[in-house]
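The sequence and the structure are shown below for reference.

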Amino acid sequence: MSFSNSPAAATGTSVQLQHVGGNATTNNSLIQKNATSPHSHHKANNYLPNPFELHDSQILDKVYLSHVTDDEYCDTDIIFELVSTLVLQSNTQIPVTGFKPDFPTLKLISCQMITTRSAAQSVHQTTLWILQNLRSYSWDAKALITLAAFALEYGNYLHLNRVTATDPIGNSLRQLNQVQTRKISTDIPELVNFIVHKLLHLKQWADWSAEGYDPEDVPALTEALQEIPVFVYWTIASLVASTGNIVGVSNYKLSEYRERLSGIVQKLVVHLNNCKEQISYIDDLFNRRKIFDKPKDIVDCLKALIHHNGTDSPQIHEGAIHVKTGLEVFRQKHVLVFISSLDSIEDEISLLNSIYERLQENSKEPIKGFKKEDFKILWIPVVNNWDDIHKERFRALKSGIKWYAVQYFNELPGHRIITDPERIGYIGNPIIPVFNPQGYITNIDAMDLIFQWGIDAFPFRKSDGIDLTLKWKWLWDVIKKATPGLQVKGDRYIFIYGGTNNKWIQDFTIELEKIKRHETLKRADVIIDNYQLGKDDPNRVPSFWIGVERKKQNKKHQEAVDCEIQDIVKSLFCLKRDPQGWIILSKGQNIKLLGHGEPAYQTLAEFQNWKDRVLEKEGFDIAFKEYYEMKAKELSGREPCEVVNVDTYSSNVIATIACPNPMCGRVMEVSSVHYKCCHRDEPNNFGV
């Protein structure tokens with residue numbers, strides 16, 4: 001059977017309709033005998049079911065048995081346009097096309113409907129016969145081909161009924177078709193018009209199904225399929241019954257057919273509305289994915305994640321202040337996107353508060369080609385159910401931050417992108433993907449990096465973490481070799497200290513033990529471990545400094561990390577010369593401070609003066625270093641770097657002399673008449 005401009009039709013061949021049993025003549029005779037023979041009519045009714053006595057599930061089973069595949073192609077759009085114009089008697093001008101329906105097949109179906117006897121059981125039998133013969137067509141094609149076959153007889157009646165008395169040929173055909181004697185009730189055009197309009201639902205379902213949506217994404221399409229075969233069955237049955245009434249061989253109560261069809265349509269419409277909603281969601285997701293994968297800029301990228309297409313868009317807050325410009329505040333910025341639930345995120349918020357504070361310090365100073373002022377933090381909370389408890393929890397957490405937060409008490413429009421493992425991959429644990437101003441991810445999750453290194457990890461790329469690890473790994477290898485039993489835990493602070501002044505070591509240890517038990521540190525959940533270098537084995541002290549000595553390089557450094565390592569080595573040797581002692585403060589693997597003995601001791605002894613800063617500064621190390629630098633500056637001011645007259649030393653030896661100031665200790669430059677310190681009292685990154 002050919003119902004399209006297929007290659008077969010173009011070459012003059014057609015796909016022939018095969019009937020049950022493979023023999024069209026035999027099958028047609030059998031069906032016609034069962035449906036039309038007066039002797040077999042009552043016998044057939046005895047074993048054929050009355051469709052009005054069948055449940056939809058029973059009809060579904062029978063109809064599915066007749067459906068094989070959707071291999072046969074049919075141009076349903078053209079068929080629908082032709083038959084709807086005819087049935088609805090519109091004046092639409094149908095364009096001439098190469099469409100060639102298989103007229104013998106349409107006529108065969110039409111004749112089968114015409115010869116169906118007046119009984120619901122016979123309508124059922126003919127309906128199943130039609131479905132069997134159209135078994136290789138899609139569900140919408142089955143209904144439309146049958147409607148086209150019905151239109152042959154119905155259209156013939158409508159046209160001949162309009163023939164004027166001056167048209168002899170038309171009048172002859174009118175008389176042969178007995179049009180003038182037929183009494184066509186209004187329920188026929190009403191039912192047929194109803195069918196044509198409701199077939200739009202079937203076409204819509206077919207069009208959506210042809211798009212190839214994933215059943216998991218649009219489950220309503222599969223759910224609708226439970227109604228489609230029954231809908232097609234009652235559509236064909238209604239057309240069979242209407243045909244019998246048109247030709248006068250039956251007098252069916254068509255309202256019964258319409259009632260059954262209406263019941264199916266109502267259920268189908270519910271599924272289609274769900275389909276529309278689900279498809280709209282999937283199409284929106286598809287568009288968002290395209291934008292996210294190739295954004296114009298950071299604003300475009302963030303819109304794909306959180307911006308709603310309607311008026312109900314998420315709000316952006318900076319602390320407690322509503323940002324009226326919305327996402328525009330992030331244009332041309334790097335953005336650390338904090339994605340989390342609302343549960344147990346106090347530590348993460350505290351950490352990001354600390355990062356926020358550090359980003360404000362020297363914000364215009366270039367670091368690795370970046371400026372801190374170009375970095376923003378945005379919190380996107382992900383909550384499954386925004387009830388009143390969660391809303392209040394969010395407001396409470398938001399009140400404790402100064403950076404930006406998204407407020408949207410519904411599912412985020414880009415939720416599927418956020419949870420997509422091929423894009424962001426959020427699965428419940430807090431993450432911090434970092435985006436550049438172009439909208440592309442530079443670090444899929446900087447959470448561990450920031451927890452370990454803090455602001456030192458700026459600008460928060462993975463490579464920055466690798467560089468920091470290389471920068472300090474050698475020193476940790478030396479420390480661990482000289483300090484057996486040393487354990488480095490990411491959530492603990494470590495003091496490693498030593499020197500030649502036993503009194504300073506004793507005093508420092510006493511003060512450190514005091515503050516370890518202080519209530520403020522308990523409230524801040526601060527745990528401090530401390531190790532005195534050489535306490536158990538003094539022989540390990542020289543091995544430590546030998547390990548540092550080996551890291552010296554006389555050659556020119558090729559990498560920035562190498563240069564930083566050499567600066568660390570110089571700083572450590574400067575600490576070694578301190579007559580009091582020295583300290584190393586770290587948080588986990590992240591060494592925060594290389595410090596001199598006296599200001600470090602005074603910082604601990606005056607803990608009462610800066611204890612509140614531990615909570616305010618979101619970190620013991622930050623508060624300690626801040627106060628330490630103040631004390632170091634005070635001590636350095638009391639004993640400025642000195643000028644040493646060469647006459648004090650042996651004049652026949654150009655000696656290597658260190659600055660007498662214990663806060664300096666650096667090698668002095670040789671002048672023509674004196675030694676002077678090259679330190680210039682400028683602090684460095686290691687607190688030396």
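Predicted model: local features only at pLDDT ≥ 70, side-chain atom pairs only at ≥ 80, totals over all residues.

## Salt bridges between separate parts of the chain

The whole structure contains 29 salt bridges. One of them joins the side chains of Glu-227 and Lys-267, at 3.9 Å from N to O. Glu-227 is found in the loop between α11 (219-225) and α12 (228-247), whereas Lys-267 sits in helix α13 (residues 254-293), so the pair ties together parts that are 40 residues apart in sequence. Glu-227 has a relative accessibility of 12% and counts as buried because the limit for that class is under 20%. Lys-267, at 36% relative accessibility, counts as partly exposed. Both residues also take part in a network of salt bridges that links Asp-56, Glu-227, Arg-260 and Lys-267.

Another salt bridge is formed by the side chains of Asp-374 and Lys-333, with 3.6 Å between N and O. Asp-374 occupies the loop between β5 (370-371) and β6 (375-381), and Lys-333 the loop between β2 (321-322) and β3 (334-340), so this pair ties together parts that are 41 residues apart in sequence. The relative accessible area of Asp-374 is 24%, which makes this residue partly exposed.

## A four-stranded open sheet

Four strands, in the order β11-β10-β12-β13, make up an open sheet with mixed pairing. The edges are held by β11 (528-532) and β13 (590-596); each has a single partner strand, so one side of each is left without a neighbour in the sheet. On average, neighbouring strands of this sheet are turned by 15° against each other, direction ignored.

Strand β12 (residues 582-587) pairs with β13 in the antiparallel sense, over six bridges. Within these strands, Ser-586 stands opposite Ile-591 of β13.

## Helices packed on the sheet

Helix α20 (residues 502-516) packs on the sheet and touches β10 (493-498), β11 and β12. The direction of helix α20 makes about 165° with that of β10. Helix α23 (residues 560-576) lies across β12 and β13, and runs at about 40° to β13.

Note on methods: Residues numbered from 1 in each chain as written. Heavy atoms only, no water. Salt bridge = Lys/Arg side-chain N within 4 Å of Asp/Glu carboxyl O. Helix = DSSP H or I, 4+ residues; strand = E, 2+ residues; numbered from the N terminus. Buried < 20%, exposed > 50% of the residue type's maximum accessible area, 1.4 Å probe, protein only. Pairing = 2+ DSSP bridges. Axes fitted to C-alpha atoms, helices over the stretch in contact; angles between N-to-C directions. Contact = heavy atoms within 4.5 Å.
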